[in-house]
Amino acid sequence: MLASSFWRHPLVETAGYFSVVVLCLFVAMIIFEIVTKYKNWEEIKNGNVAVALATGGKIVGICNIFRYSIQQHTSFVEMIGWGLYGFILLIFAYLLFEFLTPKFNVDEELAADNRSVGFISFTISLGLSFVIGASIS
């Protein structure tokens, strides 16, 4: 009984959710590094604001999706499952953004530090994370 109450203590649960989401965020950023044609962290290190905006939008979007997932689910397994599903939808949205802009290549524009494209990428990631998060059940 004592061990059970330890794992249900709010401080322990919060630390657990935090740890799991940070790990998922780390994995998500590796996947985004693979999906994009440029090196996210190298571009950011070199001062590319467009890539920083796009990457920041992805980070905020992923965290927002996991926020909704934590609110809606009581088990770590459900929270992770729905959060990862939401992340997959966010990747799909990024690929759809690339597909729906045939006049230019999003990855090339971001690599060239086109801040307008970076800002739109940020807002798409953030905006759709609210839609994805709200639909998590």
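A residue is classed as buried when its relative accessible area is under 20%. By this criterion C24 is buried in the predicted model, because its relative accessible area is 12%. C63, in contrast, has a relative accessible area of 32% and is therefore partly exposed.

The structure contains 0 disulfides. A disulfide requires two cysteine sulfur atoms within 2.5 Å. The cysteine sulfur closest to that of C24 belongs to C63 and lies 10 Å away, so the separation is too far for a bond. C63 likewise takes part in no disulfide, its nearest cysteine sulfur being that of C24, at 10 Å.

Helix α7 was examined next. The helix comprises 21 residues, 115–135. From the first C-alpha to the last, α7 reaches 30 Å, close to the 30 Å expected at 1.5 Å a residue.

The buried residues of α7 are V117, G118, S121, S125, S129, I132 and G133. Viewed down the helix axis, the buried residues of α7 fall within an arc of 125°, and therefore line one face of the helix. The elements covering these buried residues include α4 (49–72), α5 (76–99) and α6 (106–111). On the other side of α7, the residues S116, V131 and A134 are exposed.

Definitions and conventions: Residues are numbered from 1 along each chain as its sequence is written. This is a predicted model: local features need pLDDT of at least 70, side-chain atom pairs count only at pLDDT 80 or more; totals for chains, interfaces and linings use all residues. Side-chain values use heavy atoms; hydrogens and water are left out. Buried means under 20% relative accessible area, exposed over 50%, partly exposed in between (1.4 Å probe, protein chains only). Helices (H or I, at least four residues) and strands (E, at least two) are DSSP runs, numbered from the N terminus. The expected span of a helix is 1.5 Å times one less than its number of residues. The arc is that of the directions from the helix axis to the C-beta atoms. Contact means heavy atoms within 4.5 Å.
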